[in-house]
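Dear colleague,

Please find the structure below. My notes on what was found in it follow directly after.

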Amino acid sequence: MLNYIKSEGFRALKNKNIKIMIGICMALMFSLVAILYYFKSESGFSYANTRYAVGNIYTSMTLILILTLVIVTILDDSEYKNHTIKHSVAFGISREEIYFGRFLVMVIASTIIYVILTAFLAITSYFMLNHSNVGEYMILARISLGSFTCLIAGLSVTYYFFMSMENPAIAATWSMVLLFALPAVFNLLGMKFEAAKILSGYMPSNCIDSGSKLVESNGNNMHAIIVASIVGAVWTVAFLAFGMLRFQKKEIK
Amino acid sequence: MSEVILEMKHITKAYKGNLALNDVSITINRGEIYGLVGNNGAGKTTLMRMVAGAAFEDEGSITLFSKTNPKEMQKERKRVGTLIEDPGFFSNMTAEDNLEYFRLQFGIPGKETVQKILTEVHLQDTKKKKYKDFSLGMKQRLGIGLALLQTPEFLILDEPINGLDPAGIIEVRQTLLEMNQKKNTTILISSHILTEMANIATKYGFLSHGKLLEEISADDMLKKCNTYLDIAVRDTKGMCVLLEKELSYQNFKVYPDNHIHLFEGIDNGEMICELAAVNHLGLSGLEKKVLNLENYYMNMVEVD
């Protein structure tokens, strides 16, 4: 497994698109801070502070969830047309090693990317904006930790579809349906039916969106943290298990 | 007796009801170069993919390095090098990085291995070029390089000379022969270029529409491939009776286009001519021909 992880790590490091994606995200974050900085001296403008800046992350966790889909797409690197997995299988590397090894590298890469991006926003806003001093960095840390498994679930679901389908566009569509459309449908149904309302609470995106208990409580609600963590973990494990079962039977092209 | 490297017994495989392989059995011994001959869709690639663990048989059994259990067989695959269908590399990575990726994955020590392989397949000067910018021949060379990366005991090569220039074909042939002779590497190879196959194979398996028509050693093939008499006759049944009863010949084959290939008594053309005329068999042609791998296969497929 270690050799497989090493090789996947090597590939992730060599992947230019990941670096471009990080660059784009950093540029967007910097422009956000720069705009706030520009209006800092204007009277009545109350957003040029660190709380508002970092709040853009922890109140937009569903956007980060979308980013997991982008990361899987980039790291998958068009396997449907490159057909590289066949070499690993032909060399006798077990399908478990391949499936979990690739996933593990995706989790590590995504975590590093998340840390880099949040650290970048935190540092630039710290040096360029007014300090709110309301524990905003701790809020960011708490909500990030609380959302961690739900974000990993995003990776797991997307990875499942990418590994089991030939067409990446269809795989991405299914991921979007499961991660975003289905929770939205359950939210609507939840206004009418109690069961749907309960079920909607067990969807990763609903556990971490801006209206969730986790975010509304600024990450201070232990129950919300535990629920989000369990929901994310269950989705992650379930899709890893489904994916592994399908991959075991899949004929590799 | 030499060690059996691969044994496939009664392998059957269907895709959506279409038989890709139908009760195929082959045996490859250590040191053999097994040439798999067949037209497009004959089942060559499917067979190779099964050995490589990329496809699964519906029926039958595979034994690789004396192991039949899938988990044990998986471990033995570390001794196998493959190039099946397209070479399969990351298009945005360079040739060097692609090989390095697989070197790390296969746990092969020494970074210099990659450079050695790149030199061996003549890609040293283009190692920094992205795979997507490679020509078909260069891609094929890199694929062969990957198959040689871990110094395999058993090589599985599906159309390895596809897209190679004449010099490249000779190089690949020499490399394979050298590996076979010096390291006793066993090779399973398929190619559409039968003249090239005839240059290296020591055993043949002829596949057509998923069926193995014949498995024959190159020596036996050579014996069969000598001169034969091509008899074109209206009454093939009558001619067969005549050959068997009057001339006591057994070694002949009948083809649907009213042709008989006679592999013995080929100097008795006159006698056959006379007998055919006396018995009103409608003889329209009698010609001495030399059989090579190409027409041997074509004749076989026609009969099939």
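In this predicted model, Q140(B) is in contact (heavy atoms within 4.5 Å) with L83(B), P87(B), D158(B), E159(B), P160(B), I161(B), N162(B) and L164(B), leaving aside its neighbours within four places in sequence. A polar atom of the Q140(B) side chain lies 2.9 Å from the backbone oxygen of E159(B). Q140(B) has a relative accessible area of 4% and is therefore buried (under 20% relative accessible area, 1.4 Å probe, protein chains only). The residue belongs to helix α5 of chain B, residues 136–148; helices are DSSP runs of H or I with at least four residues, strands are runs of E with at least two, and both are numbered from the N terminus.

As to conventions, residues are numbered from 1 along each chain as its sequence is written, and chains are lettered from A and ligands numbered from 1 in the order in which they are written. Because the model is predicted, local features need pLDDT of at least 70 and side-chain atom pairs count only at pLDDT 80 or more, while totals for chains, interfaces and linings use all residues; side-chain values use heavy atoms, with hydrogens and water left out.

Chain B holds an open sheet of six strands in the order β5-β6-β7-β3-β8-β9, with mixed pairing; two strands pair if DSSP finds at least two bridges between them. β5 (80–83) and β9 (211–217) of chain B stand at the edges with a single partner strand each, so one side of each has no neighbour in the sheet. Strand β8 (residues 203–208) of chain B runs antiparallel to β9(B), joined by six bridges. Within that pairing, Y204(B) has I216(B) as its bridge partner in β9(B). Helix α5(B) packs on this sheet, touching β5 and β6 (154–158) of chain B, and its direction makes about 165° with that of β5(B); axes are lines fitted to C-alpha atoms, for helices over the stretch in contact, and angles run from 0 to 180 degrees between N-to-C directions.

A second topic is the open sheet of three strands in chain B, ordered β2-β1-β4 with antiparallel pairing. Its edges are β2 (18–29) and β4 (59–64) of chain B, each with a single partner strand, so one side of each is left without a neighbour in the sheet. Strand β1 (residues 4–15) of chain B pairs with β4(B) over five bridges in the antiparallel sense, and the bridge partner of L6(B) in β4(B) is L64(B).

Kind regards

Terms used: Buried < 20%, exposed > 50% of the residue type's maximum accessible area, 1.4 Å probe, protein only. Polar contact = N/O pair within 3.5 Å; in protein donor to acceptor, adjacent residues only side chain to side chain.
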